[in-house]
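This report describes a protein chain, its confidence values, its helix packing and its contact with a partner chain. Please examine the sequence and the structure shown here before reading on.

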Amino acid sequence: MVSLMLGVSPAVNAMHIMEGYLPAKYCIAWGIICVPFLILGYRSIQKKLKENRKNITLLAMAGAFIFVLSSLKIPSVTGSCSHMTGTGLGAILFGPSAVSILGIIVLIFQAVLLAHGGLTTLGANTFSMAIAGPFLSYGIYVLCNKLKVNRYVGIFLSAFIGDIFTYCVTSYELALAYPSKEGGVGASVIKFLGVYAPTQLPLAVLEGILTVIIIMALETYARSELKMAGFYFGGQKNEQK
Amino acid sequence: MSKNKKRAVIILIIIAIVLALFPLFMLKGAKFSGSDDAGSSMVNEITGGDYHPWFTPVLEQVIHGELPGEIESLLFCVQTGIGVGIIAFIMGRLVERKKQEDMRNAEENNKKEHPAG
C-alpha cells in the first residue's frame with residue numbers, strides 16, 4: 001500500500017513553515033514554548049521504557065509511522081501537494097507528550113537533509129506538528145472513548161482532526177508574524193487557512209484511514225504490546241491499565 | 001484477523017488509494033506544487049512585496065544553491081524507506097509470532113482432546 005502511494009508525487013515542497021520565513025523573535029519564542037513539552041515527552045518516553053523495555057517496539061512503530069506519512073507528498077483537490085503528519089497514532093498509543101520527541105526527530109531530519117521546514121522555524125513547526133496536533137488528537141481520542149463512540153470512529157476522528165489542527169496552528173503562527181494591514185492577525189489567519197485547509201482536508205481523511213488500518217493490524221498481531229503500553233481496548237478487556 | 005476485519009482493511013486500503021490518486025486524474029495539468037510555496041507567496045502578498053527569507057537551509061548553504069529536485073526526491077525516498085523498513089520489520093516479526101503462537105495453541109488443544117495419541 002505504502003509503496004503504491006510512494007509513486008504519487010515527488011514534487012517540490014509542502015507544508016511546514018520554511019526556513020527563514022519567520023522573524024527571529026518568533027522563532028525564539030516558539031522554541032521556548034516547545035521546551036517544556038519536549039522535557040515532558042522525554043520523561044514520558046523514559047518512563048515507558050523503564051516500565052518495560054518491550055515498549056520500544058510500539059514506540060519505533062509510532063515513530064516510523066510519522067517518518068513514512070510525513071515523507072509522502074500527496075496531491076490534493078486544490079492542485080497542490082501536501083503531506084500528512086502521522087502523529088495521531090503516537091498520541092493514541094503513548095500520549096501526546098511522547099510524540100513531541102518523535103516529531104522533532106522527523107522535523108530535524110527534514111530541515112537538515114531535505115531543506116524542508118527549517119532549523120530557524122523548527123520551534124514553530126514542532127509546536128504545530130508535534131505538540132498542538134497530537135494534544136488535540138489525544139483529547140479527541142479520550143473524549144470519544146468517554147462518549148462510547150465506536151473505537152475505530154474515534155481513532156479516525158482523532159487522527160483526522162489532529163492533522164487539520166496542525167495546519168490551523170501553522171496558519172496562526174504565520175499570521176501572528178504577518179498580520180494583514182487591514183484586519184490584522186485575524187484576516188491573515190483566514191488567508192493562510194485558505195491556502196492550507198482545502199489542500200489538507202482530503203489528506204487528513206487519508207491520515208485517519210491509515211491510522212485506523214495500522215491500529216487494526218496492531219490489535220490483531222500485537223495485543224500484548226498494546227496492553228503493555230496501556231492501550232484501551234474499548235470495553236472488552238481493559239482491566240490492565 | 002477475523003474475516004470481517006480483513007474485509008474492512010481491504011476496503012479501507014482501496015479508499016485510501018483512490019483518495020490519494022483521485023486529484024491526479026481529476027485535475028489534469030495541475031502542477032501539484034507544495035502548499036509551502038503557496039504559503040510563501042501568501043506571505044509576499046500580505047507584506048506587499050518580495051519577502052526575503054533571512055536564513056537559507058543549511059544544506060543549501062553547503063552546496064551553494066538549491067537542492068536539485070531529483071536529489072530531493074531521493075532524500076524523501078530515504079525517509080520513507082527508513083520508516084517503511086522499520087514498520088515492515090516489526091510487523092513481519094509480529095505476524096510470524098502470532099502464527100507460531102496459534103500453532104502451539106492448536107497443538108496443545110489437540111493433545112488435550114486426544115491424550116493417548
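What percentage of the 241 residues in chain A is buried? Buried residues account for 59% of chain A. The model is a predicted one, and the sections below should be read with that in mind.

## Confidence of the model

The mean pLDDT of chain A is 85, and 90% of the residues of this chain reach 70 or more. Two stretches have a pLDDT below 50. One of them covers residues 1–14 of chain A; beyond near neighbours in sequence, this stretch has 39 contacts in the model. The other covers residues 235–241 of chain A, and beyond near neighbours in sequence it has four contacts in the model.

## Overall fold of chain A

Chain A contains nine helices and two strands. Along the sequence, the order of these elements is α-α-α-β-β-α-α-α-α-α-α.

Contacts in chain A between residues at least 6 apart in sequence were also examined by their separation. Of these contacts, 72% join residues at least 24 apart.

## Packing of two helices

Two packed helices are described by the angle between their axes and the distance between the axes. In chain A, the axes of H3(A) and helix H4 (residues 87–94) come within 7 Å and cross at roughly 160 degrees. Because angles over 145 degrees count as roughly antiparallel, H3(A) is roughly antiparallel to H4(A). The crossing in which H3(A) passes H4(A) is left-handed.

Which residues of H3(A) meet H4(A)? On the side of H3(A) they are A:Leu58, A:Leu59, A:Ala62, A:Phe65 and A:Ile66. Their partners in H4(A) are A:Thr87, A:Leu89, A:Gly90, A:Leu93 and A:Phe94. Sorted by class, this contact has eight nonpolar residues, two polar residues and no charged residues.

## Contact with chain B

The contact between the two chains takes 64 residues from chain A and 54 residues from chain B. On the side of chain A, the elements that give two or more residues are helix H1 (2–6), helix H3 (55–69), strand S1 (73–75), strand S2 (80–83), helix H5 (96–113) and helix H8 (184–221). H8(A) provides the largest share of this side, with 17 residues.

By class, the side of chain A that touches chain B consists of 46 nonpolar, 16 polar and two charged residues.

Conventions:
Residues are numbered from 1 along each chain as its sequence is written. Chains are lettered from A and ligands numbered from 1 in the order in which they are written. This is a predicted model: local features need pLDDT of at least 70, side-chain atom pairs count only at pLDDT 80 or more; totals for chains, interfaces and linings use all residues. pLDDT is the predictor's confidence in each residue, from 0 to 100. Two residues are in contact if their C-beta atoms, placed from the backbone, lie within 7 Å. Helices (H or I, at least four residues) and strands (E, at least two) are DSSP runs, numbered from the N terminus. Ala, Val, Leu, Ile, Met, Phe, Trp, Tyr, Cys and Pro count as nonpolar, Asp, Glu, Lys and Arg as charged, and the others, Gly among them, as polar. A residue is buried if 20 or more other C-beta atoms lie within 10 Å of its own, exposed if 12 or fewer, and partly exposed in between; C-beta atoms are placed from the backbone. Axes are lines fitted to C-alpha atoms, for helices over the stretch in contact, and angles run from 0 to 180 degrees between N-to-C directions. Angles under 35 degrees count as roughly parallel, over 145 as roughly antiparallel, 65 to 115 as roughly perpendicular and the rest as oblique. A crossing is left-handed if the near helix is turned anticlockwise from the far one by less than a right angle, and right-handed if clockwise.
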